[in-house]
Amino acid sequence: MASKQPIDYFADFSHVGIASIGLHFPPLALPIVELAKLRNVDPDKYLIGLGCKEMALCPEDYTVVELATVAAKRALSRWQGENKNIGMIAVGTESAVDMSRPLSAWVAANLGLKGAIRSYEAKHACYGGTLALRQAIEWKLAGIAGQKAALVIAVDEALYEQQDPGEPTQGAGAVAMIIDDPVIAHVEPFSYPWSEPVFDFYRPVGCAYPIVDGKFSLECYCQAVKACYQALINGRDPEKVLAEFHALCFHVPFPKMVKKALASLGKLLNWDEEKINNLFKQKVDPTMDWNRLCGNAYTASLWIAVANTLKNLDQDKRIAAFSYGSGFGSELLTLSAGPAAAQGAWAKDVEEDIKQRHYISAADYQALRKRKTKTII
Ligand code: CAA
């Protein structure tokens with residue numbers, strides 16, 4: 001009897017990816033030096049020690065619903081398809097406005113989307129947006145989506161208790177992506193997940209702010225980076241594997257975290273400091289330019305770095321994207337640029353939002369926090 005040939009499950013469906021991107025940053029921002037003044041801290045601790053620059057903030061009447069809706073409208077407006085062909089709306093967030101009704105329902109209502117659509121919210125701290133995206137990709141890869149596309153949104157407003165060590169890392173933002181033909185990026189079918197059940201950062205029901213074991217959270221993040229990258233390298237020459245990628249994007253809780261994580265991976269690979277620093281300078285640091293303008297946007301953070309990187313990318317150039325969510329769950333994805341990436345149509349979203357946003361003072365920030373406390377569930 002002839003031996004069976006292995007089935008290539010991805011042969012017919014491998015061309016799935018990001019067809020359109022829309023971003024949105026909220027209308028307020030606090031320069032990080034203003035917060036340093038307020039907290040009586042040397043500004044260099046925030047600027048150099050953490051690598052933060054500006055913090056995007058939502059006014060009291062502005063929630064993740066508005067953030068997500070604007071990003072989604074922008075993504076839909078530059079997509080070649082029609083709204084009636086959306087078959088899935090998946091929103092990743094840890095800033096939900098309801099314990100039961102998914103954020104996707106608010107967004108769908110604002111967009112007038114209803115019908116034969118799977119609509120839900122995905123939660124795993126900052127990893128939720130990536131989970132939503134992976135589920136949409138796998139739905140398409142399975143061949144059961146037909147001609148339908150998915151609207152995936154990663155959105156968050158990251159707020160810590162005032163004077164918490166995490167306060168300078170706060171931020172907000174949304175990234176919406178249409179998962180369909182890989183016009184902007186092909187998301188490669190295989191990915192490298194790693195999870196460990198821990199309490200590094202969590203927000204119990206009824207608590208307005210997260211409980212954070214800061215130092216432990218840094219260790220967990222580094223542990224996840226090492227595990228995911230080791231799975232990608234899989235015994236091959238690490239230098240050759242990393243050379244395949246034009247850029248390495250990471251979840252960005254604050255830019256220095258990413259530098260620390262790369263250093264811990266480099267140490268594992270027995271690389272010297274110069275080699276690690278060169279890799280950081282060439283392939284990692286430039287990916288975080290937009291993150292420095294908005295701070296930590298939790299689920300959106302990685303996708304802000306990815307969107308920033310894709311906008312300059314020639315077709316077929318590959319990038320790696322490392323997602324991390326406390327608790328903890330992580331996944332390393334690989335993508336390659338599609339024909340429309342280099343045009344970077346979505347860069348105008350960031351330019352417009354930054355130009356129009358209002359920079360507030362330390363005193364304004366304190367007043368805003370007082371007003372916002374009342375509205376957080
Ligand atoms: N000039 C320059 N650098 C200075 C300085 C100065 N005057 N003063 C201090 N620094 C440096 C410190 O040396 C330190 O650098 P190294 O880490 O390289 O040694 C850095 O500034 C930070 O100083 P501390 O360690 O004293 O800072 P901290 O304890 O006040 O807070 C933190 C740091 C624990 C990360 C805190 O910001 C935090 O809790 N953040 C939230 C948790 C977080 O972001 N974790 C990341 C992994 S978890 C995750 O990724 C999920 C998520 O999105 C939250």
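Me: How far apart do the C-alpha centres of domain 1 and domain 2 lie?

Reply: They lie 18 Å apart. The model is predicted. Domain 1 takes two stretches of the chain, 16-184 and 345-376, and domain 2 is 192-340. The contact takes 53 residues from domain 1 and 44 residues from domain 2.

Me: What makes the area between domain 1 and domain 2 count as buried?

Reply: It is accessible area that the two parts lose on being put together. Here the figure is about 3800 Å². Carbon and sulfur atoms give 65% of that.

Me: Which residues of domain 1 lose the most area to domain 2?

Reply: Cys126, Tyr127 and Trp346. Together they make up 15% of what the domain 1 side buries.

Me: Why is the pairing of Arg134 and Glu331 called a salt bridge?

Reply: The cut-off is 4 Å from a side-chain nitrogen of Lys or Arg to a carboxyl oxygen of Asp or Glu. Arg134 and Glu331 meet at 3.7 Å, N to O. That is within 4 Å, so the pair qualifies as a salt bridge. Between domain 1 and domain 2 the count is one salt bridge. Polar contacts there come to 21 residue pairs.

Me: Which element gives the largest share of the side of domain 1 that touches domain 2?

Reply: Strand S7 does, with six residues. Elements that each supply at least two residues to this side include strand S1 (17-24), helix H5 (128-141) and helix H12 (347-356). By class, this side has 31 nonpolar, 13 polar and nine charged residues.

Me: How do you know that Glu167 and Arg39 form a salt bridge?

Reply: Their side chains meet at 2.7 Å, N to O. The limit is 4 Å, so the pair counts. It links distant parts of the chain, 128 residues apart. Glu167 is in the loop between S6 and S7. Arg39 is in the loop between helix H1 (32-38) and H2. The structure holds 18 salt bridges.

Me: How many residues surround the ligand?

Reply: There are 27. Lys45, Lys215, Ser217, His251 and Lys260 are the closest.

Me: Which peptide bond is cis, and where is Phe328?

Reply: The bond from Gly327 to Phe328 is cis, with omega near -15°. Most peptide bonds are trans. Phe328 is in the loop between strand S13 (318-325) and strand S14 (329-337).

How values were computed: Residues are numbered from 1 along each chain as its sequence is written. This is a predicted model: local features need pLDDT of at least 70, side-chain atom pairs count only at pLDDT 80 or more; totals for chains, interfaces and linings use all residues. Side-chain values use heavy atoms; hydrogens and water are left out. Domain bounds come from an automatic or database domain assignment. Contact means heavy atoms within 4.5 Å. Buried area is the accessible area (1.4 Å probe) that two parts lose on being put together, summed over both. A polar contact is a pair of N or O atoms within 3.5 Å; within protein, one must be able to donate a hydrogen and the other to accept it, and residues adjacent in sequence count only if both atoms are side-chain atoms. Helices (H or I, at least four residues) and strands (E, at least two) are DSSP runs, numbered from the N terminus. Ala, Val, Leu, Ile, Met, Phe, Trp, Tyr, Cys and Pro count as nonpolar, Asp, Glu, Lys and Arg as charged, and the others, Gly among them, as polar. A residue is near a molecule or strand if one of its heavy atoms lies within 4 Å of it.
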